[in-house]
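Work through the exercises below with the sequence and the coordinates at hand. Each task is followed by its solution in steps.

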Amino acid sequence: MTAAQLLAYIAVALLVQVIAGVAFAVWRRPSTAGAPAPAGIEDVVAAPGPSSGAWSGWREFRVVRREFEDAARTQCSFHLQPVDGRPLAPYQPGQYLTFSLKLPGGAAAASVAERSITRCYSLSDRPDPTGYRITIKRVAPPADQPELPPGVSSGYFHDRVHEGHVLRVKAPSGHFYIDPDANVPAVFIAGGIGITPMMSMLLWCAGEQPERLVHLYYGVRSSEDHAFKRVLEDLAAAHPAFKLNVVYSRPGADDLVERDYQYVGYIDLALLRRTLPHGRHQFYICGPPAMMQSLVPALREWGVPADDIRFEAFGPASVRPTGPVSNEPVVATSACVDVRFSRSGRTLTWDGQDGNLLDFAERHGLDLDSGCRSGSCGACQTRLASGVVTYVERPDHDIPKGHCLLCVGKPQSALVLEA
């Protein structure tokens, strides 16, 4: 056998081994015949698998515990767990839950059927895969108008929702949540029940970013209304980077400065300028209208960039607008425009007398779905067949293209609404 023949035999043998190896690998590989193609990014986001805690529509949650957070027993926390037992996906600290509540008819009129309302409540704890916590303050009639009715939803929770009660809930949502950049100090400013989203952010920071510099300015009347008092004091003692500033507007006879609170009065720009160190801060603000109407514009005038001021108002008119936003570019219109409600078969003329399209429709006798009336829950979301709707402040609810929110929207042109 010549050298050339020997090399040829070796080459053939090597080739046979390679072919055999490839054939064996193909035989071992699981068959994918008939299997769907891998999902794209959009598919994964839009349709989470069964192990995910995110969901669309309504999901049932059971109340497993309730507890009061203040001495006056006006602020009650409700701990919720999913009835289906599936784990919950992490949410952004500061977001809220949307509830669909069925309220019974009035006791004085047994013939009145139950009615449904939609309400949003901030999550008041850090993300937990096993459950949620919300904290609700009982809303009493205004002190100067005692003849007005108390809060319907808050009264329902306080009086009727106990352990074992099952509630219908939408997944966490909202744009008011903390920026995870630990290099920027956070300033939380809360008035009254506005402490709830701040508790979510604060507890998340304590667990995930314990070295991040965080300031909390919390304003209430006295120790009777001071929610989460022990929790906040323990956090301040355990985390040197957390600076607690409690402001009482009307301290009680037994309230002691430095023990129960640090300042008397109200949270204003003068207090912030006097107590905050120099440098950049991100401000997170949630409180009653009086606080929002004064503090948010004051921070803007102080020179704080708009991107560093984030707030969640108690209502749609709690903060001065910074400029209109809309579903389309703003166009010039006349003062009066026609609004067609196609499902109701009525065409009405908008003359600017109403604050929003929901008020406008109700004034003309149309019965439309609504909930929070502040652009958060999406209950009044309506398909916009044609026209342009503007908003003085961008709604917190994410509005799908081709839809609008009636409770905070105004017509910028003639409209056709599928309502």
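Predicted model: local features only at pLDDT ≥ 70, side-chain atom pairs only at ≥ 80, totals over all residues.

**Exercise 1. The cavity**

Task: Find how many cavities of 30 Å³ or more the model has, and describe the lining of the largest cavity.

Solution: 
- Step 1. The count gives one cavity of 30 Å³ or more. Its volume is about 80 Å³.
- Step 2. The lining consists of L202, C205, A206, Q209, P210, R212, V214, L235, H239, A241 and F242.
- Step 3. Sorted by class, these lining residues are eight nonpolar, two polar and one charged.
- Step 4. Helix α4, residues 195-208, is the element that gives the most to this lining, with three residues.

**Exercise 2. The helix pair**

Task: Determine how α4 and helix α5 pack, and which residues of α4 meet which residues of α5.

Solution: 
- Step 1. Two packed helices are described by the angle between their axes and the distance between the axes.
- Step 2. For α4 and α5 (residues 229-238), the angle is about 30 degrees and the axes lie 12 Å apart. Angles under 35 degrees count as roughly parallel, so α4 is roughly parallel to α5.
- Step 3. The crossing of α4 past α5 is left-handed.
- Step 4. From α4, the residues M199, L202, L203 and A206 take part, and they meet V231, L232 and L235 of α5. The contact of α4 with α5 holds seven nonpolar residues, no polar and no charged ones.
- Step 5. Compare with Exercise 1: L202, A206 and L235 are among the residues that line the largest cavity, and they also belong to the contact of α4 with α5.

**Exercise 3. The second largest pocket**

Task: Give the volume of the second largest pocket and say which strand gives the most to its lining.

Solution: 
- Step 1. The volume of the second largest pocket is about 350 Å³.
- Step 2. Its lining has 19 residues, and K170, A171, S173, H397 and D398 are the closest to the pocket centre.
- Step 3. Strands β3 (96-103) and β6 (166-173) each supply at least two lining residues. β6 gives the most, with four residues.
- Step 4. By class, the lining of this pocket has six nonpolar, 10 polar and three charged residues.

Notes
Residues numbered from 1 in each chain as written. Heavy atoms only, no water. 1 Å grid on protein atoms, 1.4 Å probe; cavity = no way out; pocket = protein on both sides within 12 Å on 5 of 7 lines; lining within 4 Å. Points joined across faces, edges and corners; volume = space filled by probe spheres on them. Nonpolar A, V, L, I, M, F, W, Y, C, P; charged D, E, K, R; others polar. Axes fitted to C-alpha atoms, helices over the stretch in contact; angles between N-to-C directions. Parallel < 35°, antiparallel > 145°, perpendicular 65-115°, else oblique. Left-handed = near helix turned anticlockwise from the far one by under 90°. Contact = heavy atoms within 4.5 Å.
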